[in-house]
Amino acid sequence: MNITDLAKEPQLITVSLDKPALVEKYGEVIEFKIMDRQPLDVFAKLSSMTEENTDQIAAIVEGMILDDQGEPVVKDGKTLPIDVLTEAMAAISTELGK
């Protein structure tokens, strides 16, 4: 296979947060979109996550959490609850690790 066959435009995919505690708290599974392919620098930053730079990682992840139109959800002063953001971070790393 030629490597150029693997190069594709990023696509929006759905990520579901279905952890029982979240479903119980919010009443349903929480869904959001991410791009299925990310630039290499994003992977490098995510893989270097430590306790000292979690705020930087959170900012990167917040920018990756998109609505159905591919626009960031966290903008214009809006934030996500910490439990949702934490699970979203884990789900994003799992999804992109596939």
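**Figure 1. Surroundings of Ile13 in the predicted model.** Apart from residues up to four places away in sequence, Ile13 touches Phe32, Lys33, Ile34, Asp36 and Glu95. The structure shown is a predicted model. Ile13 itself belongs to strand 1, which covers residues 12-17. With a relative accessible area of 22%, Ile13 is partly exposed; the range for this class begins where that for buried residues, under 20%, ends. The chain also brings Gly70 into this view: Ile13 and Gly70 are 57 residues apart along the chain, and their C-alpha atoms are separated by 9.6 Å.

Figure 2. The relative accessible area of Gln38 is 18%. Because a residue counts as buried under 20%, Gln38 is classed as buried. The side chain of Gln38 reaches the backbone oxygen of Met35, at 3.1 Å. When neighbours within four places in sequence are set aside, the residues in contact with Gln38 are Phe43, Met64 and Leu96.

**Figure 3. Contact of helix 3 with helix 4.** The view shows helix 3, residues 54-64, and helix 4, residues 82-96, whose axes come within 10 Å and cross at roughly 75°. Angles of 65 to 115 degrees count as roughly perpendicular, and the two helices are therefore roughly perpendicular to each other. Helix 3 contributes Ile57, Ala58, Val61, Glu62 and Met64 to the contact, while helix 4 contributes Leu85, Met89, Ile92 and Leu96. By residue class, the contact of helix 3 with helix 4 comprises 8 nonpolar residues, 1 charged residue and no polar ones.

**Figure 4. The protein chain as the setting of the close-up views.** The protein chain contains 4 helices and 2 strands, and its elements follow the order β-α-β-α-α-α from the N terminus on. Along the principal axes, the C-alpha atoms fill a box of roughly 50 × 30 × 30 Å. Of the 98 residues in the protein chain, 24% are buried. Among contacts with a separation of 6 or more, 55% are between residues 24 or more positions apart. The accessible surface of the protein chain comes to about 6,800 Å², and carbon and sulfur atoms account for 54% of this surface.

Key
Residues numbered from 1 in each chain as written. Predicted model: local features only at pLDDT ≥ 70, side-chain atom pairs only at ≥ 80, totals over all residues. Heavy atoms only, no water. Axes fitted to C-alpha atoms, helices over the stretch in contact; angles between N-to-C directions. Parallel < 35°, antiparallel > 145°, perpendicular 65-115°, else oblique. Contact = heavy atoms within 4.5 Å. Nonpolar A, V, L, I, M, F, W, Y, C, P; charged D, E, K, R; others polar. Buried < 20%, exposed > 50% of the residue type's maximum accessible area, 1.4 Å probe, protein only. Polar contact = N/O pair within 3.5 Å; in protein donor to acceptor, adjacent residues only side chain to side chain. Areas by Shrake-Rupley, 256 points an atom, 1.4 Å probe, with all protein chains shown as cover.
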